[in-house]
Amino acid sequence: MLGHMQSQPLLISSLIVHAERHHARGQIVSRRVEGDIHRTDWGQIAQRSRQVANAINGLGLAVGDRFATLAWNGYRHLELYFGVSGSQRVLHTLNPRLHPEQLAWIVNHAEDRVVAFDMTFLPLVKAVAAHCPTVKHWIALCDADKLPADSGLPGLLSYEAWMGQQSTDYIWPEFDENSASSMCYTSGTTGNPKAALYSHRSTILHAYSAALPDSLCLSARDSVLPVVPMFHVNAWGLPYSAAATGCSLVFPGPAMDGKSIFELLESEKVTMAAGVPTVWQMLLGHMQTEGLKFSTLKRTVIGGSACPPAMIEAFNNDYGVEVLHAWGMTEMSPLGTVCTLKRDQMELTPAEQMKVRLKQGRAVYGVDMKIVDADGKELPWDGKTYGDLLVRGPWIIASYFKGEGGDPLVRDEAGHGWFPTGDVAVIDADGFMQITDRSKDVIKSGGEWISSIDVENIAMAHPAVAMAACVGMKHPKWDERPIVVVVKKPGKEVTREELLAHYEGKIAKWQIPDDVVFVDVIPLGATGKMQKMTLRQQLKDYVLPG
Ligand code: ADP
């Protein structure tokens, strides 16, 4: 017997319809590429999204065609989020930090028909345009009078001229909620990049779950600053959850430095901000140097790579800001776990609570997870046993775009497909998961695993260390031994011996790195993560101390 309830497809357009009807005055603030601060609201965004949909129809794009963006976080990008997906085309967010060759490869693989780009990226667009035969239209995200005469791109359109003349009347189409809505390529550290192709249904379900109190806890009383880029996994889905809850959004545009972010947090009375640890490192550095304090910020969501304990402590103890450590992946839309304490854990001492907060957290509703051994056998949740982390749920990929890489899922006895995350983790009895490594970064010494994250976290807690990467080096007896590669804070000093002494008593003796290598920079990838493969290549002539 079927239930007698209304059946409506879960579509991204319903988010912007809701935001306009119920939160029209909710503020959307953007620092623009031009440097000024632009103010609009959900009502205007909704109107302009409909203009975008009409303008896309004018270009003659078919259902399912890919419309790419090469853009910072800002209001125009937000309009494209709704206008493109809502009109049944697929929003393809391109990562501008990629090498031009990689970018062209991705545009061709996705068969993008249109690319809309911020003026910052004009040189990049010029470098790739000739290699992107599928792209029929290039749109510069600027006013008509800002369009450069000598762009070298025939037929280049200005966004405002292109969409600004369109009617604001548009009826969002209804279609199958499983239709593709947007796509994002993984960074492809191994082999060619592969794309996660999200659906309207997966995006809406993710938006609900991300907004929950024990997830990102979003409400119409919040002002949210996503530092996490809209070009990487849809800024962790924040634009969608924001429309659903009616929270205000504050976009940093291209200015990601500590000073600019701090100014926006304060001037726009931001209550919640989200980003990767490297960005927060810059912000905290600026605040420490200038002796600044937050006046409105209550929470930060930190994820994308392990958040060093020293950062959680600094936010919590020095600035009274709660850190929500979160974990996810491009293939997971991206949210998997968030670390929020349970009721009984509120009774723990601050030091014991901190131990919990360092973990990547509990699965949000909609995500199931387990750890397995090399034979695929499920391992206990005892907080000690390491295993490969597998996940399943309605916003986790079933296969990559165009079936690249074949079937990525592993089946259990019931026939359910689980996605192997490539992460190695422990899970405790309360369901708190802690990543110890990406499987390719695991260091095996004398048959035992050493967590590179643990080694990095201890180095990062030293006051002179700005960044630390732990990598395994071939060793004739132990197979591999860890070394730690360190960037010092400007004006601070620490010697190899002092840093090694700093490890004493913090981890087992055999887990202490064999050496410290000081460098000026650690290579970062397109999403701000340390590139250990590149680092290992740079260290190819390195020899462990005898
Ligand atoms: P990529 O494109 O590099 O795969 P993703 O953003 O999809 O980028 O990265 C997902 C990976 O990032 C995870 O599998 C995990 O290894 C790492 N990661 C994400 N969040 C965390 C976290 N909080 N702690 C540790 N590692 C994390």
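## A walk around the ligand and beyond

Start at the ligand: the shell around it has four nonpolar, 10 polar and three charged residues. Here Ala, Val, Leu, Ile, Met, Phe, Trp, Tyr, Cys and Pro count as nonpolar, Asp, Glu, Lys and Arg as charged, and the others, Gly among them, as polar. Keep in mind that this is a predicted model, where local features need pLDDT of at least 70, side-chain atom pairs count only at pLDDT 80 or more, and totals for chains, interfaces and linings use all residues. Numbering runs from 1 along each chain as its sequence is written, and side-chain values use heavy atoms, leaving out hydrogens and water.

**Stop 1: the ligand.** Select the 17 residues around the ligand; Ala 326, Thr 330, Gln 360, Asp 423 and Lys 529 come nearest (a residue belongs here if one of its heavy atoms lies within 4 Å). Strand 14, residues 322-328, gives the largest share of the shell, four residues. Strands here are DSSP runs of E, at least two residues, and helices are runs of H or I, at least four, both numbered from the N terminus.

Now show the polar contacts (pairs of N or O atoms within 3.5 Å):

- Asp 423 puts a polar side-chain atom 2.5 Å from an oxygen atom of the ligand.
- Arg 438 has a side-chain N or O atom 3.0 Å from a ligand oxygen.
- His 325 has a side-chain N or O atom 3.1 Å from a ligand nitrogen.

On its own the ligand has 570 Å² of accessible area, and the protein covers 93% of that (Shrake-Rupley method, 1.4 Å probe).

**Stop 2: His 206.** Jump to helix 7, residues 200-211, and pick His 206. His 206 is buried at 2% relative accessible area; buried means under 20%, exposed over 50%, and partly exposed in between, with a 1.4 Å probe and protein chains only. Beyond its neighbours within four places in sequence, the contacts of His 206 include Trp 236, Trp 395, Ser 333 and Pro 334 (heavy atoms within 4.5 Å).

**Stop 3: a cis bond.** What kind of peptide bond joins Ser 333 and Pro 334? A cis one, with omega about 10°. Pro 334 sits in the loop between strand 14 and strand 15 (335-338).

**Stop 4: positive phi.** Select Asn 234 in helix 8 (residues 233-236). Its phi is near 50°, a positive value in a residue other than glycine, and Asn 234 is buried at 3%. Lys 269 also has phi near 50°, but Lys 269 counts as exposed at 57% relative accessibility.

Note on methods:
Polar contact = N/O pair within 3.5 Å; in protein donor to acceptor, adjacent residues only side chain to side chain.
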